[in-house]
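Let's take a walk through this structure together, one feature at a time. Keep the sequence and the 3D view open as you read.

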Amino acid sequence: MRIRHVISSLGLLAWAGLAGGLMLDRAAAEEAAKPLARQDWSFNGMQGTYDRAALQRGFQVYKEVCATCHSLSLLSYRNLGGGKGFAAGDESASGPGFSEAEIKAIAAEYKVKDGPNDQGEMFERPARPSDRFVGPFANDNAARAANNGSLPPDLSLMIKARANGADYVYALLTEYGDAPGGFQLTEGMNYNAAFPGHQIAMPQPLHGDDVKYADGTKATIEQEAHDVVQFLAWAAEPNLEARHRLGIEVLGFLVILTGLFFVLKRRIAKRLGLH
Amino acid sequence: MSTHNSPNSDPQASQSQAGKTNLRNYGLVRWIDYRLPFVGFIEKDLIGYPEPKNLNYWWSFGSLAGITLLVMILSGIFLAMHYIPNTEMAFNSVESIMRDVNGGWLIRYIHMNGASLFFLVVYIHIFRGIYYGSYKSPRELLWIIGVVILLLMMATAFLGYVLPWGQMSFWGATVITNLFSAIPVIGTPITTWLWGGFGVGNPTLNRFFALHYLLPFVIIGVAMLHLLALRTHGSNNPLGIEVRSKADTIPFHPYYTVKDLFSLGVFAIVFAVLVFYMPNALGEPDNYKPANPLITPAHIVPEWYLLPFYAILRSIPSKLGGVLAMGGAIFMLFILPWLDRSRVRSCTFRPIYKVLFWVFVVDCLLLGYLGAKPPEGWYLIGSRLAAAWYFIHFLILTPLVGWFETPKPLPVSISLPVLPSTALPQEKH
Amino acid sequence: MQNAAKPIPAGPAQVPPQGAADQPDHSRRDFLTLATGAMTVVGVAAFVWPFINSMNPASDVLALSTTEVDLAPLKLGQALTVVWRGSPVFIRHRTPDEITAAAAVNLAELRDPETDAARVKKPQWLVMVGVCTHLGCVPLGQAPGDPKGEYGGWFCPCHGSQYDTAGRIRKGPAPQNLVIPPYVFETDTLIKIG
């Protein structure tokens, strides 16, 4: 028994020391980075849904501000209506909920290259609802050339491609400012407290009143940022509402079935004299 | 099945069984069974198979692993119907599954999180085997076949992780394939051969897809061998002593069928919570960025289930040394049956080895934690210590403890407690 | 894992024999088994369904299921083949002679009786899916030099089915007339198929 005690106390001591060291190190690391402010998003939680009005406003912000530089290549104009739910024929709105006519009108504002036609030539035609979102640049190199060599990333998956994406993008859009004294800002870069390294090529996109909301909502920076993050969160995960709905049903079913299995198991155990 | 039962088994149980399983009364069943003993197999090896009567819930993880494998294959086959293994289209085809295919998001999230749960279940299964000494004679080959399954799973998981062609896919593939370049002389040609080019590219993606589709079926084959070896000497049990008489066993059905189904229900609930409410919690956000061969993400980490091995790899400041250490970590599992000299299987009766076991569990968790951290400062020192402990545990402590430890007295049989009721509290009724 | 140390009672030998007192419990257990079994079957079916459903047309495929065609460039007597849902659609600008011939046919002679008027929205424009109703070949008769069969319509080279100027089956193995797709005239010369 002595040996056992020696080994266990030695082991415990070693692990405690290691854990303590790691925690100290961790605390030091966290001091350097400002923690991300958590926002209360409507799509968080088990019953979370997107805010339909915010999605429409957010689309407007994307269209009138972000789309000057950022593509949204994984979305089609048809997605702007009700989303496609999980069950067949379930068209309950999970997208911004624009009507078919509105979607047609939005799509028709853009030109897509099609062809070749009967003469073997490529031609331009107005976009249709089935077309993907038309990006601002013909290709990545054109985008770089127009933006001082940096490529404005596609926004389709932005919220899922960053840790705590919604909070991060919200912070990024609202935390532009002047560099604190002593901060070496490279020529052509902008100071942003939320961006890793604090130097970002994108100039401040939202200043307040960048768009005029049709529903009369006041277009403050915070409001615009909130709306466009809602829109981008939906763009990244359009099936979130269907997922949340189905999840409740599946879990309810499984809990009942598992309970039945448990009761059945206990009875058989009793019958066999096991417990 | 009643024919396989001992005379003293529950009369009602065998009675109700007999009513259900008298399929042989049907001529067609008899005709088929004479030529292809399917019903006989089900009766003998699934329904009436005698299992030790004292298996606890840790024994459910074997069947859970099998079911998870089937779920992975099912979801994988349907994903493959929509996936395009081409570097230009792979990322978008996965997103098309997530957005356009009917229920595609569900199938993909099942496959993504199923991989994690598969490893979780198998790791618990392995730790159970270590705790109860399931690797000991005569089950050494059963254990080794199991470790082979683990290796195949790792390969399959790695290949599959490359397919979505995100940033982590690409850089994970680059880093892991570069491990082979650590082999002296032939390393570089082997790496080039693996790639089918001069870096991870389209030929790599294509062959990874083909192999990712193939390997799960190899796993099924090896799992069959695993079962065959299991059935040769039967399941180990929490007491780690041999089955001595029919009184020590009960038929697999209905008790263990329903017990495993209950475990499956609990497992399915955990699975559903992951799939429906935190589908990306175990993944890396970076894999939602399309692969870019010109930019490496700031922190490349493998999926959580490979992190302990990754930590061991990085703890050695030499390329070949790191690869060897990582391979050695798996090799330890292969030779474990011969490292442990104790004649007692179960940790229940091994006071010192039991402590070592739990320290080893903590060590593995710690290695996993450190594998996700940048290899610098305390993290590096920590992973070196933890990696050293991993090998000390297997190579020094396990043989040593087996040699000097005095085990507690073993019960005479599974159905008869060896000690009077003073030492161990009697079962409540 | 500590539970493992607990000794297991001798089991079956200790169980009291199942007597009459246990019988009421029996039917309850059977109901429980039945209910659990039924629920398990439902669960498995519900689990398998999304996999099967994933093979149905995806939403991007469905979104491409309409085709718009401008008829203005098509001169009298000319034909045009467009693609709709991956299949050819024949559009023929019929001459007055062809229309008269199609309308004059005695319905009793037809294998699949249909009036010409029922097969067109505007008599000069015949729009139909160019897939033979026999075994899915594409009939000839669109290009000026093609064989058009005995009835001046279309001729299927695979098994010799012959269609008239309204696309109705007149001779050969095909069982039905060429299929008319759903379409609407958006303007006088612009149609939307699908």
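Over all chains of this predicted model, a search of the whole structure finds 25 salt bridges. Three of them are listed here, each with the distance between its nitrogen and oxygen atoms.

| Salt bridge | N to O distance |
|---|---|
| Asp340(B) and Lys136(B) | 3.0 Å |
| Arg350(B) and Asp340(B) | 3.1 Å |
| Asp116(C) and Arg94(C) | 2.9 Å |

Arg350(B) is buried, as is Asp340(B).

Now move to chain C, where Asp116(C) pairs with Arg94(C). Asp116(C) belongs to the loop between α3 (96-103) and β4 (125-129) of chain C, and Arg94(C) to the loop between β3 (87-93) and α3 of chain C, so the parts tied together are 22 residues apart in sequence. Asp116(C) and Arg94(C) are buried too. Back in chain B, salt bridges that share partners join Lys136(B), Asp340(B), Arg350(B) and Glu405(B) into one network.

**A serine in a helix of chain B**

Stay in chain B and find Ser383(B) in helix α15 (residues 377-404). Why does Ser383(B) count as buried? Its relative accessible area is 6%, and buried means under 20%. A polar atom of the Ser383(B) side chain lies 2.8 Å from the backbone oxygen of Tyr379(B). Leaving aside residues up to four places away in sequence, Ser383(B) touches Ala311(B), Ser315(B), Leu367(B) and Leu370(B).

Which residues make a nonpolar surface patch of about 560 Å²? They are Leu28(B), Trp31(B), Ile32(B), Leu36(B) and Phe38(B). Helix α2 (residues 27-35) of chain B gives the most to this patch, with 3 residues. Leu28(B) is found in that helix, α2 of chain B, and Leu28(B) is exposed, with a relative accessible area of 61%.

**Backbone details**

In chain A, the peptide bond joining Gly115(A) and Pro116(A) is cis, with omega at about 0 degrees. Pro116(A) has its place in the loop between β1 (111-114) and β2 (123-126) of chain A. Another cis peptide bond runs from Ser137(B) to Pro138(B), with omega near 5 degrees.

Positive phi values are another thing to look for. Asp209(A) is a residue other than glycine with a positive phi, near 60 degrees. Asp209(A) lies in the loop between β4 (199-200) and α6 (221-236) of chain A, and at 59% relative accessibility Asp209(A) counts as exposed. Val185(B) is not a glycine either, yet its phi is positive at about 65 degrees. The loop between α8 (167-179) and α9 (187-195) of chain B holds Val185(B), which is exposed with a relative accessible area of 78%.

**Chain A and chain C as wholes**

Finally, zoom out. How many helices and strands does chain A have? Chain A comes to 7 helices and 4 strands, which follow one another along the sequence as α-α-α-β-β-α-α-β-β-α-α. Of its 275 residues, 40% are buried. Chain A exposes about 14,500 Å², and carbon and sulfur atoms supply 56% of that area. Among contacts in chain A between residues at least 6 apart in sequence, 59% join residues at least 24 apart.

Chain C has a domain assignment that gives domain 1 (28-57) and domain 2 (61-193). Taken over C-alpha atoms, the centres of domain 1 and domain 2 of chain C are separated by 47 Å.

Terms used: Residues numbered from 1 in each chain as written. Chains lettered and ligands numbered in written order. Predicted model: local features only at pLDDT ≥ 70, side-chain atom pairs only at ≥ 80, totals over all residues. Heavy atoms only, no water. Patch = residues over 30% accessible without salt bridge, like charges linked within 9 Å, V, L, I, M, F, W, Y side chains within 5 Å. Areas by Shrake-Rupley, 256 points an atom, 1.4 Å probe, with all protein chains shown as cover. Salt bridge = Lys/Arg side-chain N within 4 Å of Asp/Glu carboxyl O. Helix = DSSP H or I, 4+ residues; strand = E, 2+ residues; numbered from the N terminus. Buried < 20%, exposed > 50% of the residue type's maximum accessible area, 1.4 Å probe, protein only. Contact = heavy atoms within 4.5 Å. Domains from an automatic or database assignment. Polar contact = N/O pair within 3.5 Å; in protein donor to acceptor, adjacent residues only side chain to side chain.
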